[in-house]
Amino acid sequence: QVHLVESGGGLVQAGGSLRLSCAASGSIFSINRMGWYRQAPGKQRELVAVINSGSIINYADSVKDRFTISRDYAKNTVYLQMNSLKPEDTAVYYCYALVRTTAAKYAYSFWGQGTQVTVSS
């Protein structure tokens, strides 16, 4: 089916930067929406940033003006540039895509395996 593979997580100091990447592959007809969610220990998974096929972007208030999402439509890849990282950003970051597969008439949600981001103080 569809696979989302994330990369770019790691350990950084507060104030540092990381760039996450997520590439979608498989039986893809179109990707209507791609983005990033995160989940910290003891907390619910929350939206970080999303971008749709019309390049409309939404950010969580907590990352506004620090993170930048972008998308390479030809490569089915979404990126998340994270600057001015804070310890509160520590979480597992999950790639998300709303995908219409070649065998389906409707679009469905797919998730990556997650990549750990740890920000030390």
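**Tyr73 and its contacts.** I looked up what Tyr73 touches, taking contact as heavy atoms within 4.5 Å. Leaving out residues up to four places away in sequence, I found Ile51, Asn52, Ser53 and Ser55. The model is predicted, and local features need pLDDT of at least 70, side-chain atom pairs 80 or more, while totals for chains, interfaces and linings use all residues. Numbering starts from 1 along each chain as its sequence is written, and side-chain values use heavy atoms, without hydrogens or water.

**Where Tyr73 sits.** I placed Tyr73 in the loop between strand S7 (67–72) and strand S8 (77–82). Strands here are DSSP runs of E, at least two residues, numbered from the N terminus. Tyr73 counts as partly exposed because its relative accessibility is 37%; that class lies between buried (under 20%) and exposed (over 50%), with a 1.4 Å probe and protein chains only.

**The sheet.** I then followed S7 and S8. They pair in the antiparallel sense over six bridges; pairing takes at least two DSSP bridges between two strands. I noted one partner: Ser70 bridges to Tyr79 in S8. Both strands belong to an open, antiparallel sheet of four, in the order S1-S3-S8-S7.
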